[in-house]
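Subject: Structure handover

Hello,

Here is the structure I promised you. Please have a look at it, and then read on for what turned up.

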Amino acid sequence: MAELKNDRFLRALMRQPVDVTPVWMMRQAGRYLPEYRATRAKAGSFMDLCKNPELACEVTLQPLDRYPLDAAILFSDILTIPDAMGLGLYFENGEGPRFEKPITTAADIEALPVVNTVKDLPYVLDAVRTIRRELNGRVPLIGFSGSPWTLATYMVEGGSSKDFRRAKALAYNQPELMHQLLDKLSDSVIDYLNQQILAGAQAVQIFDTWGGALAHDAYLEFSLKPMQKIVQGLIKEHDGRPVPVILFTKGGGQWLEAMAATGAQALGLDWTTDIGSARARVGSHVALQGNMDPAILYATPARIRAEVGKILQSFGSGSGHVFNLGHGITPEVDPEHAGAFINAVHELSAQYHEAD
């Protein structure tokens with residue numbers, strides 16, 4: 001494959017010297033871009049877009065054609081694994097993802113297969129290979145998966161939830177059943193991410209969107225433990241380079257030390273954690289990714305720039321920081337504001353890397 005022309009994202013994840021702080025945005029290929037909306041309309045539906053490798057590649061590259069981003073992220077959905085397990089994923093307008101056959105009984109869990117990515121999700125691997133080819137070494141490609149706990153919440157609730165009543169009831173009342181479900185999901189995620197790496201992903205991120213909804217001990221048992229199993233089961237090196245793993249638990253600021261002990265190379269932070277404090281706590285073990293509030297992108301470019309400066313100053317000098325939002329960019333953001341954000345990161349961060 002083509003040699004990497006810009007590797008500062010991978011270098012920062014391994015806490016190696018960089019010239020400026022690398023930046024990418026969660027959901028950077030998304031609805032805030034008019035070109036994305038046009039491609040999605042052409043595809044017919046969100047899942048049709050995910051399942052068409054050429055169009056998935058097209059939308060993955062759209063933000064890179066617009067902005068000097070330091071990484072591309074595979075365009076897909078976190079719920080491809082439960083869909084491949086036979087739960088029947090579909091999207092309701094304004095309602096988000098739903099499943100035709102949610103998990104309601106022990107027999108449902110027993111019947112779930114472990115996903116064989118090559119056989120069950122070939123379109124994802126085709127997309128990874130297509131994107132790597134078309135990137136031609138411009139920037140690294142990030143693969144990703146939802147965390148077992150996050151996937152389990154959707155599968156048990158039948159879709160998104162405000163209180164996770166069914167998922168938490170299962171975890172507290174029948175922990176052995178929840179662990180059976182989480183084990184199948186962990187094994188599926190290991191295979192899914194390893195196949196993405198073999199197809200060309202150069203770093204992977206585990207999105208634990210709903211781990212922060214759990215109580216302290218429940219997080220460690222039902223969310224972090226399965227993620228640790230995944231980190232330990234992943235391919236560590238491919239194509240002569242380490243393949244870094246980023247763990248991102250939204251609302252996970254109180255568990256950073258435990259997350260850093262999993263063996264992941266980097267932790268994603270949401271905007272509720274001060275990045276300087278996080279670095280003081282775990283920065284000798286892991287790189288940090290984050291963590292500007294996505295809502296700042298509704299402010300003026302001058303205000304966005306000031307916020308970028310504040311976060312860079314809080315992290316301080318040296319490598320080990322990948323700048324990102326604390327969660328995904330929202331659909332109503334002005335693309336010009338996203339551009340102002342990315343440019344500010346590169347312009348303002350150089351001073352923090354002069355000794356690197």
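Which residue in strand 9 is the bridge partner of F248? The partner is G268.

Before the rest, a word on how to read it. This is a predicted model, in which local features need pLDDT of at least 70 and side-chain atom pairs count only at pLDDT 80 or more, while totals for chains, interfaces and linings use all residues. Residues are numbered from 1 along each chain as its sequence is written, and side-chain values use heavy atoms, with hydrogens and water left out.

Back to the sheet. G268 also stands opposite Q289, a residue of strand 10. Strand 9 (residues 266-268) pairs with strand 10 in the parallel sense over three bridges, and strand 8 (residues 245-249) pairs with strand 9 in the parallel sense, also over three bridges. Here, two strands pair if DSSP finds at least two bridges between them. These strands belong to an open sheet of seven, with parallel pairing and the order 1-4-5-8-9-10-11. At its edges are strand 1 (72-73) and strand 11 (321-325), each pairing on one side only. As a reminder, strands of a sheet pair through backbone hydrogen bonds, either parallel or antiparallel.

Strand 10 (residues 287-292) is mostly covered, with six of its six residues buried. Buried means under 20% relative accessible area, exposed over 50%, and partly exposed in between (1.4 Å probe, protein chains only). Across the protein, 59% of the 356 residues count as buried.

Now the overall picture. The protein has 16 helices and 11 strands; both are DSSP runs numbered from the N terminus, with at least four residues (H or I) for a helix and at least two (E) for a strand. Its radius of gyration is 19 Å, close to the 21 Å from the globule rule for 356 residues, so the protein is as compact as a globular protein of that length. That radius is taken over C-alpha atoms, and the rule is 2.2 Å times the number of residues to the power 0.38. Along the principal axes, the C-alpha atoms fill a box of roughly 60 × 45 × 40 Å.

D163 counts as partly exposed because its relative accessibility is 47%. Its C-alpha atom is 31 Å from that of R279, which is 116 residues away along the chain.
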